[in-house]
Amino acid sequence: VTVDKDPRDPTRFRRERRFTASGRAAFAHLLAHLPRDRGRVLLPAYIGLSPREGSGVYDPVVGAGVPHAFYRVGPDLCADVAHVAALLAEAPAAAVLVIHYFGAAEPALTRIGELAHAHGAVVVEDCAHAIGATADGTPLGDVGDYAVFAIHKLIAAPTGGFLQLNRADVAIGEPPPALAIEPEVLARFHATRWPEVAAARIANYRGLAARVGTIPGVRLFWPELPVGCVPHTLPVLIERADRFAVYGRMRDAGLGVVALYHTLIPPITAGAFPDAHAVSARILNLPIHHEVTPGGLDRLAEGLAGAVRTA
Ligand SMILES: Cc1ncc(COP(=O)(O)O)c(C=O)c1O
């Protein structure tokens, strides 16, 4: 036996990643490579649409022309695993997409993976909101067969995403130029001190949750910050006021709130997916990123309280 003085195998302990211009570019790059004959793609029935941005999840599916169906999610946006199982049993599936909404792990990820694999389908984790988050200590994106990330949603960058490949049976090379990342964004991704970004987001989440959790008519979407979550935003449900009016007032006051998702894509109908529509009608996502200061948290809480009172 000889012993080399240095390691020689570049594939050892390596994460296979293809850096792209966005999360949707990463998903499109994956869909272009999944075998065409395996069946449909199963998607969670909580996917948004905006006039300006389209749908980050659905546009790649429509663009690739792949058949698809939607599985129910509950009022907590967690997957209805029995519905996933029923859809897998009903027709062949190529893939099941699992979305880690707002940076919190889908609790049934492992179970969905087992079900999908038993039916010959792969699992794709959508980590667009979830860089640095974990489930039982494992980074989100390391469990599924593939994972899609969006860099610009977590740090100051105009664009950027990546596709993580956790299996090697389908060869997926670098994306075509139209889907590729800008070198400056790639440099920012690598230069970011991600653990500190995560810590700041968690601290801001806790600070803002303490401030808004007592506002009448506002309910924290998560009663407690889920373990392992690196929050993308602080989601609340507006229970006693018109959410669009609250959103408008806060925007007018210079407070950068969003509503993920105020509008669902048309195939996700209110009749078939009432729980998803109930969330969509009430959700408001408050910024808790690493640049928000304690004074900013105060302003957000005051602004929300005032908007709910008067909307
Ligand atoms: C859950 C989810 N996945 C994927 C995407 C797509 O990400 P990107 O905006 O980087 O294309 C978005 C946002 O549009 C999203 O909210």
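Let me begin with what I mean by a pocket: on a 1 Å grid over the protein atoms alone, a pocket is an open set of points where a 1.4 Å probe fits, with protein on both sides within 12 Å along at least five of seven lines, and its lining residues have an atom within 4 Å of a point. A molecule sits in a pocket if more than half of its atoms lie within 2 Å of the pocket's grid points, and the space that the ligand takes here is the largest pocket.

Before going on, please keep in mind that this is a predicted model, in which local features need pLDDT of at least 70 and side-chain atom pairs count only at pLDDT 80 or more, while totals for chains, interfaces and linings use all residues. Residues are numbered from 1 along each chain as its sequence is written, and side-chain values use heavy atoms, with hydrogens and water left out.

The largest pocket holds about 1100 Å³ of space, where a volume is the space filled by probe spheres set on grid points that are joined across faces, edges and corners. Its lining has 46 residues, and those closest to its centre are Glu53, Lys153, His232, Val258 and Leu260. Helices (at least four residues) and strands (at least two) are DSSP runs, numbered from the N terminus, and the elements that give two or more residues to this lining are helix H1 (23-31), strand E8 (146-150) and helix H7 (243-252). Of these, H1 gives the most, with three residues.

Now to the ligand itself. There are 13 residues around the ligand, and Gly23, Asp126, His152, Lys153 and Tyr261 come nearest, a residue being near if one of its heavy atoms lies within 4 Å. Counting Ala, Val, Leu, Ile, Met, Phe, Trp, Tyr, Cys and Pro as nonpolar, Asp, Glu, Lys and Arg as charged, and the others, Gly among them, as polar, this shell divides into five nonpolar, five polar and three charged residues.

Finally, two points about the backbone. Most residues other than glycine have a negative phi, and most peptide bonds are trans. The peptide bond from Leu260 to Tyr261, however, is cis, with omega near 5 degrees, and Tyr261 lies in the loop between H7 and helix H8 (274-282). Leu77, in the loop between strand E3 (68-71) and helix H3 (81-90), has a positive phi, near 65 degrees.
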